[in-house]
Each structure stands twice: as structure tokens, then as C-alpha cells.
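Subject: Model handover and notes

Hi,

Here is the model you asked for. My notes follow below it.

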Amino acid sequence: AVALGLLTVTGVRADPVDDAVARFMDAGHIPGVAVAVVDSGRIVRLQGYGQANLEWPSAVTPDTPFQTASASKIFAGVVLMRLVEQGVLSLDDPITLYFEGAPESWSRITVRHLAGHVSGLAEVRGLPSDANAQAVAAEAMKLPLAYEPGAESRYGLTDFVVMTAIMEKASGLSYPDLLQRKVSTPLGLTHTGFTLLREDGRVRAAEVMPGRARVYGWRDGVQRDEEFLYPVNTYAAGGLYSSARDIATLMAALETGRLLTPESFALLTTPARLNDGRDGGFGVGWTFDRYRGLATVGHTGGPALADVMFIPSRGLTVIALTNQRRFYPLLSHVIADLTLPPAPVAPVIADSRPDLTVALRRMLAAAANGVVDPSVFTDQARDGAAAFYKDFGQAMLTAVGPIEGMDLLSERALDDGLTRRLYRVRFQRRTIDFVVRADGAGRFAEIRPLSGDDI
């Protein structure tokens, strides 16, 4: 990782990171990017590329605040653990302690369940954007549980809104104030915060945040300004602006024990345990994956406005921020590839259904050109798959370039009559593994790109 930091501040010459970022900025129509690399608690690279705002000259710097979207949860997990360490609340508190009149079913849910997305709470929908976290919690009390607490790992917004209500009630502070007092001020983060964007009739009003990157979406051959309204009650889950330097400073502080104890940091970076003993997909707000056989933790947001990947066994954190909504979280892996050992070469198996492989290749090539044929999908998968490959999926396929080859890595029959296949697809600029499920008629029930290993 040290090699990644050579000559990046002065810009004397290009290096592999510069080249990789430039390739994907061009292919993905990304106006601006900020990158940081933290190696064993030491920031070894900070670099900005391109423009933060297309309406006036605004070069991206390591201090440019970018919209982090769902990567805001990384900060929320830290805020929560700071409150736990200070005795304000406990992860094992039943959430009924904080809500008068809560249903009996809530007595089985703890703060830990909320933070790990295993609570069972149903999603609350339809409230106005100015509803506070307490109002969302009140609506959630009216709904039956979606599943038994601890039985499933299911990503949900309501979990974090109810968790916000608890943190605010226990501390007596708003979530933005909590973030400032528990994280930003202790670490000296000067480019992290919220714009408090609100709707007032036909007017949207927000606080001024100097130098922040505007968010764009490349559609129909042009860039469009695409600012998303994050309701204030969701700020623990999304809506935070932060810079590459500030996020790198946070990650370095966590790894070296300067903000949380090692025990608290371990809770952020250890998956929640489900009732049946399996690991869930989340710790205290952080997501889990595997990449090149290594466990990774962190979060993406937007889906690629922010991508923070920490590899504990290597002490390596890669942070990639962009201002292009129609992109896929590729950059952190691309940059990590420059320092990680080569991935093991998976053996290729004989293809018993070459017709499926041909159909998959045809579907991906068409989707890259904005054409999705709904008839190639099962009835259950049609709407979701079509929506993905007409939006973020198309952006991903455009960024990685044409298909140069496809290999079948595994195949097995499933109980529901589908066949599950794992493909390795070699594109011009990136190799991506895809999980593919198909029925006997050759219709696809799933075509899912993997951000990490198939686990």
C-alpha cells in the first residue's frame, strides 16, 4: 500500500491508481473522484480527480465533501458504540425501554438487533419527509413483525430510524449533534456533516456546505444534476457528506484505538450471530463480504457514491468517493487489486447447458446498450431484474466494457426447480463473477453481479 502513495500529492507522474481511476472515470462518465488508502492505521494516499461541480471550476481535493448515501451507516455504528462505551445505553437493551406503549413483540428486540439488521421490524412507508425518528418508530409499533427477531439478516431502513430514535432519546441530542460531538469534534473532521435539506412546499432549502460535490446521473448521453432528498429521520442510514480525508482519518483512528476500544471496534467488524448460529451480513451497522478469499467490512452507498472497504487481515482500507449516481461500486476493489496477491484461479467446469451461457451473454450485451428483454426472465424476477439492468446494471456494464470471455465455475440444482450457476465474466476493463439462476425453460430467475466472493 505504501507504493500507492508515491508521488500522488505532487502529481509528478501517473501511477497505477491514477491510471485505473482515469479509465473508470472516462468509461463511467464520472465527473469527480476522491480516493484514500489507509495501511495499518496510517494514511498513505489522498488524491482528488476531476470536478466536484460541472457548473463552475471546482477541482476535487481530499477535503471535498461527497454525498456518502448508505455509507453513512459506518459513522452511525461508531456513534452508537461511543454511546455504549459512555454508558448512555447498552446494545442488549430491549427497545421497549425507550418506547412507551410498545407492543409485546418488541420486548424480544434489542438495540443490537437494530444495528445488525436482524430486528424483524417491518418497513414503515408513506410518512412525510419531515417526520422525525420518533414518529417513524410510532408507526412501526402498529405493524406486525416481518420475521422473528434474530432469525434473518435483512437490510432495512426502519431498523436505523428506530435506532436513531433511541440514540436521540437516550442522549437528549439530535443525531447530527451526536455525530458532531462523538466523532467529528474528537477527530477534527472539518468536512463531514449534513446539509439538512428540507422541502417547504415548492421550495427545497439546505444549509451551505462549502465545496461539496454535486451529484450527477449520466442519462441519455448527458449529465443531470440528481440530488436525492434524505429525510432527516434517516440520517443515521444515509445523507451524510464527508471527504476522503475525513473518512480515512476515522478509519485510521478506529484501527489504532484512538476513538473506540479494541472491543468496540471488534463489534463493528464482526457479523451478528443469528438464532441458528449462522453469521448475518452485518455487524453494528457495517456490512460483511469476502474478496479474494479475505474477509472485508465497510459499506457502499448510492450504490457507488461512496465505497469504503476495510480488510482486517491486511490492515488495509480503500475509500473511493464519486459524484456519479449511475455507477457501480468497482473502484475500491480495483484499487485494492494493485496491492493484494493474485486471486486463486478457479477451475472451469464443462458447460452442460451452453444455450444458457449464450443467452446470458446476449442479455448482458444488450443491457449494456440499454435494451432489456423482459421475456428472458421468470415472472417473479422480471420487474426487479429489468429495473436493475436499465439503471445501475447498465451503468456497470458500460463501465467495464465489452465481454471478452465467459467461464462456468460451478453448477447445482436447487430445491425450487432452478439451477444455480456461477460464471466468471471477463470484460474489457474488469472481471466480475455472476450468480445466475435459471429454470428448466432457460428463463433467468436471477443474474446478480458479485461485489466480492461467492459466500
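The radius of gyration is taken over C-alpha atoms, and the globule rule is 2.2 Å times the number of residues to the power 0.38. With 455 residues, that rule puts a compact globule near 23 Å; the chain has 22 Å, so the two agree. Along the principal axes, the C-alpha atoms fill a box of roughly 60 × 60 × 50 Å.

Some ground rules. This is a predicted model, in which local features need pLDDT of at least 70, side-chain atom pairs count only at pLDDT 80 or more, and totals for chains, interfaces and linings use all residues. Residues are numbered from 1 along each chain as its sequence is written, and side-chain values use heavy atoms, with hydrogens and water left out.

Confidence
pLDDT is the predictor's confidence in each residue, from 0 to 100. The chain has a mean pLDDT of 94. In all, 96% of its residues reach 70 or more. The exception to watch is residues 1-12, where pLDDT stays under 50. For that stretch the model has 24 contacts (heavy atoms within 4.5 Å) beyond four places in sequence. Where pLDDT is low, predicted coordinates should not be read in detail.

Helix packing
The chain holds 12 helices and 16 strands. These are DSSP runs numbered from the N terminus: helices are H or I with at least four residues, strands are E with at least two. Axes are lines fitted to C-alpha atoms, for helices over the stretch in contact, and angles run from 0 to 180 degrees between N-to-C directions. Angles under 35 degrees count as roughly parallel, over 145 as roughly antiparallel, 65 to 115 as roughly perpendicular and the rest as oblique. For residue classes, Ala, Val, Leu, Ile, Met, Phe, Trp, Tyr, Cys and Pro count as nonpolar, Asp, Glu, Lys and Arg as charged, and the others, Gly among them, as polar.

- α4 with α5: The axes of α4 (residues 133-141) and α5 (residues 157-171) come within 8 Å and cross at roughly 125°. That makes α4 oblique to α5. On the α4 side, Ala133, Gln134, Val136, Ala137 and Ala140 take part; they meet α5 residues including Val161, Ala165 and Glu168. The contact divides into 7 nonpolar, 3 polar and 2 charged residues.
- α10 with α12: α10 (residues 354-368) packs on α12 (residues 392-400) at about 95°, with the axes 8 Å apart. The two are therefore roughly perpendicular. Leu364, Ala367 and Ala368 of α10 make the contact with Gln394, Leu397 and Thr398 of α12. It has 4 nonpolar, 2 polar and no charged residues.
- α11 with α12: α11 (residues 379-390) packs on α12 at about 45°, with the axes 3 Å apart. That makes α11 oblique to α12. Phe388, Tyr389 and Lys390 of α11 meet Phe392, Gly393, Gln394 and Leu397 of α12. The classes here are 4 nonpolar, 2 polar and 1 charged.

Backbone
Most residues other than glycine have a negative phi, and most peptide bonds are trans. Leu196 is not a glycine, yet has a positive phi of about 55°. Leu196 lies in the loop between α6 (175-187) and β4 (198-200). The peptide bond from Gly302 to Pro303 is cis, with omega near 5°. Pro303 is in the loop between β10 (294-301) and β11 (306-311).

Best wishes
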